[in-house]
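Please read the points below with the model open beside them.

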Amino acid sequence: MNPADIYTRCQERMLALAEGLSAEQLATPVPALPAWTVQQTYAHLAGLCADVPAERVTPPADDTVTARQVAERADLDITRICAAWREDTPALLRVFATRTRARYSLPAVDVWHHENDVRGALGMEAQPEGADELAAFIIGGMARTWSPDLPGVRVVATDTGQEWNFGERADLEWSATAFELVRAVTGRRSTAQMRAMDWNGDPEAVLGHLSRFPTPETDLRV
């Protein structure tokens, strides 16, 4: 995955989107996130962009840190939030260029998901660009750490041809687009949505192990 490329493309789309959002849209709750509005999602992204280069945060950020990032920008309007986000970006891009540990690529994963979280909240269509790169990064990592005590899963991205093996056996096969797979393994699909995906075999034994984050209680559209 090229984190700088992913990050800057998502950011430019989000900054362009913000310019046209009404006060009502900015106050729209984002169902995928912890009670944040659209504007608070932008505040978190600006905060993470500032915090990582300053070494106030080593990714991933926990809930306490993200709540602080939002609270620190509660008095800023969206124009000032976006201006600060843009201003701090070159320092984050230097982190991407100089830090080789995988965790330092996580802000790129974060902004990709939050772009889609915001689009879903506003009733817009998904933005799947880069899903293949995120799938290789996230699902590839899961394949390397899959517990041998669980049934094996062959994971297939139907639109990109990518495949991963969770475990040494292919007890099950899970198929979906790269976008859907990435959203599922990062807490953006409910258990019911994951169960309803294309499975060869009964997935019940593995459903609780497929997401890196808690799954939402209700279905998410994007």
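1. Asn116 is a reasonable place to begin, since its relative accessible area is 0% and it is therefore buried (buried being under 20% relative accessible area, exposed over 50% and partly exposed in between, with a 1.4 Å probe and protein chains only). Asn116 belongs to helix α6, where helices are DSSP runs of H or I with at least four residues, strands are runs of E with at least two, and both are numbered from the N terminus. Leaving aside residues up to four places away in sequence, Asn116 touches Ala126, Gln127, Phe179, Arg183 and Val222, contact meaning heavy atoms within 4.5 Å.

2. On the basis of these values: the model is predicted, so that local features need pLDDT of at least 70 and side-chain atom pairs count only at pLDDT 80 or more, while totals for chains, interfaces and linings use all residues. Residues are numbered from 1 along each chain as its sequence is written, and side-chain values use heavy atoms, with hydrogens and water left out.

3. Helix α6 also matters for the description of the largest pocket, as it gives the most to the lining, with 6 residues; α3 (38-51), α4 (63-72), α6 (106-121) and α7 (131-145) each supply at least two. The lining comprises 36 residues, and Pro60, Asp110, Thr186, Arg188 and Phe213 lie nearest the centre of the pocket. A pocket here is an open set of points on a 1 Å grid over the protein atoms alone, where a 1.4 Å probe fits, with protein on both sides within 12 Å along at least five of seven lines, and lining residues have an atom within 4 Å of a point.

4. The volume of this pocket is about 1,000 Å³, taken as the space filled by probe spheres set on the grid points, which are joined across faces, edges and corners. Its lining divides into 19 nonpolar, 9 polar and 8 charged residues.

5. Leu45, in helix α3, is buried because its relative accessibility is 2%. With residues up to four places away in sequence not counted, Leu45 touches Tyr7, Met14, Trp85, Asp110, Val111 and His114; the C-alpha atoms of Leu45 and His114 are separated by 8.3 Å, although the two residues are 69 apart along the chain.

6. The largest nonpolar core has 67 residues, and among those touching the most other members are Trp85, Val153 and Phe166; such a core is a set of buried Ala, Val, Leu, Ile, Met, Phe, Trp, Tyr and Cys residues joined through side-chain atoms within 4.5 Å.

7. Strands β1 (residues 153-157) and β2 run antiparallel and are joined by 4 bridges, where pairing requires at least two DSSP bridges. The covered face of β2 (residues 163-166) carries Trp164 and Phe166, and the uncovered one Glu163 and Asn165. In the hairpin, 5 residues separate the strands, and Gly161 in the turn has a positive phi of about 80 degrees.

8. The peptide bond from Pro59 to Pro60 is cis, with omega near 5 degrees, and Pro60 sits in the loop between α3 and α4. Glu55, found in that loop between α3 and α4, has a positive phi of about 65 degrees although it is not a glycine, and is exposed at 58% relative accessibility.

Technical notes. Ala, Val, Leu, Ile, Met, Phe, Trp, Tyr, Cys and Pro count as nonpolar, Asp, Glu, Lys and Arg as charged, and the others, Gly among them, as polar.
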